[in-house]
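Work through the exercises below with the sequence and the model open. Each task is followed by a solution in steps.

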Amino acid sequence: RKEYVDLYVNYMFNKSVQKPFEDFMQGFLRGCPARNWKMFFPEELQVLLEGYTTFDWHLLEKNVMYIHYEKLDQTIRNFWTVFHKLPEEKKRMFLAFLSGSDRITGYGLEHFRFYIADPQDPQENPDESSPFVNTCSFILFLPR
């Protein structure tokens, strides 16, 4: 029985996918030569490709920069009070709204910078406008 199970597992995990995997590996290595990937440890490569999945949200608050706002403005204090009360899933949704992804690649959250800006549109009533973002520049436009 052990030999049968070993052969079956080997077939399912190795032999049955050998040809498709070799084709994939050949195409992948054509675009990304193996010598370039060997400098990374597996954990580093995973973070590089998938991004960070755990965050220190207070560090995100610390790294934000403000445009036409001060850190102690009531709007900003209200924003962070509400943000820190959100469940983890909603915080990730905010990150996806801000950046287009719920993960942060590269150097991690300690180097991730984004901006909170006052749109300063004198024609609009701030109570009737919604926050919007520029995902390319990581700018959250937050009406007062």
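**Exercise 1.** In which helix do Asp6 and Lys2 both lie, and how many residues apart are they?

Solution. The model is a predicted one. Asp6 and Lys2 are both in helix α1 (residues 2–13). They are four residues apart, about one turn of the helix. Their side chains meet in a salt bridge, with N to O at 2.8 Å. Lys2 is exposed at a relative accessible area of 62%, and Asp6 is partly exposed at 41%.

**Exercise 2.** Find which residues the salt bridges with shared partners join into one network.

Solution. Start with Asp73 and Arg144, whose closest N and O atoms are 3.6 Å apart in a salt bridge. Asp73 lies in the loop between β1 (65–67) and α6, and Arg144 in the segment after β4, so this pair ties together parts 71 residues apart in sequence. Next, the side chains of Asp118 and Arg144 form a salt bridge at 2.7 Å, N to O. Asp118 is in the loop between β2 (115–117) and β3, 26 residues from Arg144. With a relative accessibility of 11%, below the 20% cut-off, Asp118 counts as buried. The shared partners join Asp73, Asp118 and Arg144 into one network.

**Exercise 3.** Work out how the buried residues of α7 are arranged around its axis.

Solution. List the buried residues in α7: Lys91, Arg92, Phe94, Leu95, Leu98 and Ser99. Seen down the axis, they fall within an arc of 155°, so they line one face of the helix. Their cover includes α5 (57–63), α6 (74–85), β3 and β4.

Definitions and conventions:
Residues numbered from 1 in each chain as written. Predicted model: local features only at pLDDT ≥ 70, side-chain atom pairs only at ≥ 80, totals over all residues. Heavy atoms only, no water. Buried < 20%, exposed > 50% of the residue type's maximum accessible area, 1.4 Å probe, protein only. Helix = DSSP H or I, 4+ residues; strand = E, 2+ residues; numbered from the N terminus. Arc of directions from axis to C-beta. Contact = heavy atoms within 4.5 Å. Salt bridge = Lys/Arg side-chain N within 4 Å of Asp/Glu carboxyl O.
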